[in-house]
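Hi there,

Have a look at it first, and then read on.

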Amino acid sequence: MPMRIDILTLFPEMFEPILGTSIPKRAAQKGLVEYRLTNIRDFATDAHKSVDDKPFGGGPGMVMMAPVIFDAVEFVEKQDPRPAKRIVLSPQGKAFDQRTAEELAKQDRILLIAGHYEGFDERIIEGLEPMELSIGDYVLSGGELAAMVVVDAIVRLLPGALGAEDGAADETFTDGLIEHPQYTRPREFRGMNVPDVLLSGNHKLIAQWRLEQRKKRTQERRPDLWNRYQSGSGT
Ligand code: SAM
């Protein structure tokens, strides 16, 4: 049975180009994953189709209302007996990383909620007890781009999602190191040459060179990852 990914959003149309292209599209075509987009506004109950309101206590912006989100979550969750891992996209959440993507890729069903405006009424977090995920220390206008980042990172890890041509084994973060430099044709370009070892045909030497490069790059560019790698805790 394909993994089911529900996305609750005010802008479902933003997802179509991303989920309908490249690896996310192929994974769905191969039956590994199924995407279900739900418009939160469909659960508004007043004539204006309101999903947000002014914050109690004053302040700028609008806050997404708890009843609409609860109704949307409960409606969508009832459609499938598998319990959904609930995720709210939020700049206040835990930093999303490769390890979290690997954990989420093992779930049968996930449900992502993308916020907008000033964010969510706190009772959405209190009552639904979702995992809160941030894709970085900056503030986006909405959770849609963040949800797409999370979905893409998860879906490419589903067994069979990547063809042999785009395997994930040596990829950055997979084992705590960033990737080695890559080259393709031509062998010489504007005076810059492909390292001889890659043309040697000696697989042992190539593997050795790549590992050295990965270590060197990680040390230079990501001392935080390098320290963790050295202390043996991987990513
Ligand atoms: N007022 C909120 C705060 O200071 O925490 C920010 C709200 S932001 C303008 C609107 C929505 O965008 C959030 O509810 C969240 O869903 C999404 N968002 C913004 N930045 C994000 C980030 N770095 N990671 C994940 N989601 C983010």
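Which element gives the largest share of the shell around the ligand? That is β5, with 4 residues. Please keep in mind that this is a predicted model.

First, some context on the chain. It has 235 residues, and 40% of them count as buried. Its secondary structure comes to 9 helices and 9 strands, and the C-alpha atoms fill a box of roughly 70 × 40 × 40 Å along the principal axes.

The ligand takes up the space of the largest pocket. Two or more residues of its shell come from each of β5 (85-95) and β7 (131-134). In total, 21 residues surround the ligand, and L89, Q92, E118, Y138 and L140 are the closest. Sorted by class, the shell holds 10 nonpolar, 10 polar and 1 charged residues.

- Q92 places a polar side-chain atom 2.8 Å from an oxygen atom of the ligand.
- L140 has a polar backbone atom 2.9 Å from a nitrogen atom of the ligand.
- G136 also uses a polar backbone atom, at 3.0 Å from a nitrogen atom of the ligand.

As for cover, the ligand taken alone exposes 580 Å², and the protein buries 86% of that.

Best wishes

Definitions and conventions:
Residues numbered from 1 in each chain as written. Predicted model: local features only at pLDDT ≥ 70, side-chain atom pairs only at ≥ 80, totals over all residues. Heavy atoms only, no water. Near = heavy atom within 4 Å. Polar contact = N/O pair within 3.5 Å; in protein donor to acceptor, adjacent residues only side chain to side chain. Areas by Shrake-Rupley, 256 points an atom, 1.4 Å probe, with all protein chains shown as cover. 1 Å grid on protein atoms, 1.4 Å probe; cavity = no way out; pocket = protein on both sides within 12 Å on 5 of 7 lines; lining within 4 Å. Sits in = over half its atoms within 2 Å of the grid points. Nonpolar A, V, L, I, M, F, W, Y, C, P; charged D, E, K, R; others polar. Buried < 20%, exposed > 50% of the residue type's maximum accessible area, 1.4 Å probe, protein only.
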